[in-house]
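This briefing goes through a protein model by topic. Please look over the sequence and the structure before reading on.

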Amino acid sequence: LIPIGYHNPVITNCNVTLQNGNIGNSTQDYNGGFVGIQTGTKIFNSSVSGLTSVQAKNGAGGFAGLERDAIIKGLLNDAGITLYELDAKSGQKNCRVSGEGLSVEAAESYAGGFNGAMANSISSDSTVSGLSSVRAGKYAGGFAGRATIGFGTILGGDDETRPTLVDSVSKLLEKVLASGSEDKKNQLLTLAGVMPSKLYRCTVQGNSLVVESAGDYAGGIIGQGDGVKITAEGTVFGGKVTGLQQVKAGKYAGGIAGSVVTADAIGVLNNTLGIGQFIPFELSQVSAEGTGWTVTATEKYAAGACGLMLGGKADAVTVSGIQSIQAGNYAGGFAGRTGASGLASAGGLDVLGLVKLNNVLSLADGVRVTIQNCETVGASGGLTILSEGMAALTDGEDFTAGGFIGESVASVVEHSHVSNLK
């Protein structure tokens, strides 16, 4: 069967008002104030109010436990067939979550003030307000715990890849790459959901907001992003988090994101082909604000904006009112670490679990970071940045801390500043 179309369910102008504002429990996966799992669905002008807490085992969100793309059933076995453009993404536009001391918690993974996790989805002009805490075992974010590519390639596991386009596309890629057809390659990647999640003009309004991961990845907007786009899309406002008090993780903590990295579009589908096409992250017109707030990584990578940045661009990103940044290693006013000499050398980093040691690892496009017109402004009493020297060293690392970046490799920084250092 060759798929030729996908019809998105559409929800418009729907509102949920809660009298008992508690949703879910810590034994169930994917709980949200509006929907547990949003699959290939467009939601417009809808809201949740009266929400006080959301709990889940995996995937807790003020609006959705999981916002994901649909996985198209069907098989492709001929690189010469006609490929159709299918939109199986989920979308949220002009949606709201209103809480009073709202807390969101995932016992294991993926907690976010708005979405627990996002996979090949778009959220725009959407807001969570009255948010006081987001906590997870891994992946905690003020808006989303994780923003990544298609569900069938990353979050879904093997059960979601067969017999679907994800599986058959991976087998076709080798033929298409050999033919040199750029258009057909991009169509195949789109069909398989290998496209990034995007946040346009989204807001997190915190109330002394604490974002905490017991393990890895905590951020004021997202815990972690693979090729994620948080941008203005033609306007002057890309996204913001206000009212921050603390961001804390074992590894990867930041006022904007714990970690933003490139996604390897082809390696995710067929790792025998090696690294073939990168999807860089983009941050533009984004801000993180609070009064005397702190960022802590007990092991590695803590920063005012992003604990780790690998393969992408940040433009007009501002961090203000921050008082303390502390890590076992890699602490920086804006970024803990940017770039790497190779995809496998980022402190033992395994990008998306895709990079194999026997593949080509030192491709510049996959690691280069460009930072322009960015700024970190410390609290009125000054900003302290400390690398405690408590983390285990790997790959010949040294303990590093910096006013703007803890360690910078293969990176370009232009017109960017840090001020109010103590």
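Is Tyr217 buried or exposed? Tyr217 counts as buried, with a relative accessibility of 12%; buried means under 20% relative accessible area, exposed over 50%, and partly exposed in between (1.4 Å probe, protein chains only). This is a predicted model, in which local features need pLDDT of at least 70 and side-chain atom pairs count only at pLDDT 80 or more, while totals for chains, interfaces and linings use all residues. Residues are numbered from 1 along each chain as its sequence is written, and side-chain values use heavy atoms, with hydrogens and water left out.

**Overall make-up**

- The secondary structure comes to 34 strands and 2 helices; helices (H or I, at least four residues) and strands (E, at least two) are DSSP runs, numbered from the N terminus.
- The protein has 422 residues, and 61% of them count as buried.
- Of the contacts with a separation of 6 or more, 84% are between residues 24 or more positions apart; contact means heavy atoms within 4.5 Å.

**Aromatic pairs**

- The count of aromatic pairs comes to 9; rings of Phe, Tyr and Trp (its six-membered ring) pair if their centres lie within 6.5 Å, and planes under 30 degrees apart count as stacked, over 60 as edge-to-face and the rest as tilted.
- Tyr217 and Tyr252 form a stacked pair, at 4.7 Å centre to centre and with 10° between the planes.
- Tyr217 lies in strand β17 (residues 216-219) and Tyr252 in strand β20 (residues 239-254), so this pair ties together parts that are 35 residues apart in sequence.
- Tyr252 counts as buried, at 5% relative accessibility.
- Tyr252 also forms a stacked pair with Tyr301, at 4.8 Å centre to centre and with 5° between the planes.
- Because Tyr252 lies in strand β20 and Tyr301 in strand β24, the pair ties together parts that are 49 residues apart in sequence.
- Tyr301 is buried, with a relative accessible area of 1%.
- Tyr110, Tyr139, Tyr217, Tyr252, Tyr301 and Tyr330 are linked by ring pairs into a cluster.

**Nonpolar cores**

- The largest nonpolar core has 72 residues, of which Ile222, Met309 and Phe334 touch the most other members; a nonpolar core is a set of buried Ala, Val, Leu, Ile, Met, Phe, Trp, Tyr and Cys residues joined through side-chain atoms within 4.5 Å.
- Strand β24 (residues 281-303) contributes 8 residues, the largest share of this core.
- A second, separate core of 17 residues includes Ala117, Ala119, Tyr252 and Tyr301.
- Not counting residues up to four places away in sequence, Ile222 touches a set of residues including Ala140, Leu199, Val228, Ile230, Ile256 and Val260.

**Open sheet**

- Nine strands form an open sheet with parallel pairing, in the order β5-β8-β11-β14-β18-β21-β25-β27-β32; two strands pair if DSSP finds at least two bridges between them.
- The edges are β5 (35-39) and β32 (405-408); each has a single partner strand, so one side of each is left without a neighbour in the sheet.
- From one strand to the next, the twist averages 5° (axes are lines fitted to C-alpha atoms, for helices over the stretch in contact, and angles run from 0 to 180 degrees between N-to-C directions).
- Strand β18 (residues 222-226) pairs with strand β21 (residues 257-261) in the parallel sense over 4 bridges.
- In β21, Val260 stands opposite Gly225.

**Strand β26 and its partners**

- Strand β26 (residues 312-332) is mostly covered, with 15 of its 21 residues buried.
- β24 and β26 run parallel and are joined by 16 bridges, and Thr296 stands opposite Gln326 in β26.
- Strand β28 (residues 369-372) runs parallel to β26, with 4 bridges; Ala314 stands opposite Ile371 in β28.
- Strand β29 (residues 375-378) pairs with β26 in the parallel sense over 4 bridges, where Glu375 in β29 is the bridge partner of Thr318.
- Strand β30 (residues 384-387) pairs with β26 in the parallel sense over 4 bridges, and Ile325 has Ile385 in β30 as its bridge partner.
- Strand β31 (residues 401-402) is joined to β26 by 2 bridges, and the two run parallel; Gly402 in β31 is the bridge partner of Gly332.
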